[in-house]
Amino acid sequence: MLNSKANDRKSITTFLLNNAIVILLVVISVAVGILRPTFISLQNLINLINNTTGRFIVALGVSGCLIAKGTDLSAGRAVGLAGCIAATFLQRANFASKVYPNIGNLNMLLVLLGVVAIAAFFGVINGSVISFLKVPPFIATLGMQTIIYGICLVFTGAQPIGGLREDYTNISSGFLLGIRALPYMGFIALACGIIIWFVYNKTAHGKYMYAIGGNELAAEGNGINTRKTKIIIYAAAGALYGVAGFLYGAKAGGTSVNLGMGYELEAIAGCTIGGVSTNGGVGRVSGILVGVLVFELLKIAMNFIGVQASYTYIVQGLVIVLAVAVDMRKYAGRK
């Protein structure tokens, strides 16, 4: 009986420690909701969904890299490039500062497919460099981050891009059936989440990805083509960054080279808060969603209580460090 109670207390303590970040952020959000009643409102819920959508999609891309015991520091810049390209080709035909005045109104789906393909191409390069040249993911994607940023500077001439078409910007402001609680952005993120959940849990590629993250040498010994799998992981991540960049361009109503800056760090934070291990082999889509949601809740809560924007970066940085520390503790416990 005593051993049973001791084990129960130990289990509860372990649960609280392993989920300390999520619990803390939820408590903070509840406290802010009590102090600022307008925090819990339909408008704030819509804002939360719209803010979470893009970051959840970016986090989905990063999660595959983390599960395979890698990372992707080029995610934010890939989002920015995708957003700038989409905005460039979806400007109004009569806009005075149109980048390409001779191009008419292009099909929006065609532009989306184009930016997804371009972002996926950079992902293929990341995966190839990591797989064939054996460059550590941190270094390979850090270099790609700078390369993509340079390409974006050249492409845009370091100038902001505005005058976007209404059908494009309506993606971020529209609602399904005109119901305010059903924004289009939320359904797009939901679709991405369902697709990635299926890939992670119901396909051979998903099993290979987790196997590589658990023990790459053992995975190779079991006949898994780890090079091919890694390239697919980073290509899929790039495709997701392309989708996110397309949505961010619509949401902002205009873009610049600064779009996406630092998003990779927020994505890593959301993943680790949601249980994706930086040591590889562990992670669920539902956890990623929870992690991104609570991270966004923290930012909105700080805004509601009047915390200056400068200080919010300090808090976000602390959350990232603590999330990784908790992840390392869980990993050490399993060892």
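View 1. Pockets are found on a 1 Å grid over the protein atoms alone, a pocket being an open set of points where a 1.4 Å probe fits, with protein on both sides within 12 Å along at least five of seven lines, and lining residues having an atom within 4 Å of a point. The volume is the space filled by probe spheres set on the points, which are joined across faces, edges and corners. The lining comprises 26 residues, and those nearest the centre of the pocket are Arg55, Glu266, Lys299, Tyr313 and Gln316. At least two lining residues come from each of α3 (42-67), α11, α12 (263-273), α13 (285-304) and α14 (309-334), where helices are DSSP runs (H or I, at least four residues) numbered from the N terminus. By class, the lining holds 13 nonpolar, 8 polar and 5 charged residues, with Ala, Val, Leu, Ile, Met, Phe, Trp, Tyr, Cys and Pro counted as nonpolar, Asp, Glu, Lys and Arg as charged, and the others, Gly among them, as polar.

The model is predicted, so local features need pLDDT of at least 70 and side-chain atom pairs count only at pLDDT 80 or more, whereas totals for chains, interfaces and linings use all residues. Residues are numbered from 1 along each chain as its sequence is written, and side-chain values use heavy atoms, with hydrogens and water left out.

**View 2. The second largest pocket holds about 380 Å³ of space.** Its lining has 19 residues, of which Ile49, Gly186, Ala189, Leu190 and Leu289 are the closest to the centre. Two or more residues are given by α3, α8 (184-202) and α13, and α8 gives the most, with 7 residues. This lining consists of 14 nonpolar and 5 polar residues, with no charged residues.

**View 3. Helix α7 (residues 166-173) packs against helix α11 (residues 226-252) at an angle of about 95°, with the axes 7 Å apart.** The two helices are therefore roughly perpendicular, a term for angles of 65 to 115 degrees; axes are lines fitted to C-alpha atoms over the stretch in contact, and angles run from 0 to 180 degrees between N-to-C directions. From α7, the contact takes in Tyr168, Thr169, Ile171 and Ser172, which meet Gly245, Phe246, Leu247, Gly249, Ala250 and Lys251 of α11, contact meaning heavy atoms within 4.5 Å. By class, 5 nonpolar, 4 polar and 1 charged residues take part in the contact of α7 with α11.

**View 4. Helix α9 (residues 204-214) crosses α11 at roughly 105°, and their axes come within 10 Å.** His205, Tyr208, Met209 and Ile212 of α9 make the contact with Thr226, Thr229, Lys230, Ile232 and Ile233 of α11.

**View 5. Lys134, in the loop between α5 (108-132) and α6 (137-156), has a phi near 60°, a positive value in a residue other than glycine.** Lys134 is exposed (over 50% relative accessible area, with a 1.4 Å probe and protein chains only), its relative accessible area being 54%. In the loop between α6 and α7, Ala158 has a positive phi of about 60° although it is not a glycine; Ala158 is partly exposed at 45%, the class between buried, under 20%, and exposed.

**View 6. Gln145 is placed in helix α6.** Gln145 counts as buried, with a relative accessibility of 19%. Apart from neighbours within four places in sequence, Gln145 is in contact with Leu73, Ser74, Arg77 and Glu264.

Terms used:
Angles under 35 degrees count as roughly parallel, over 145 as roughly antiparallel, 65 to 115 as roughly perpendicular and the rest as oblique.
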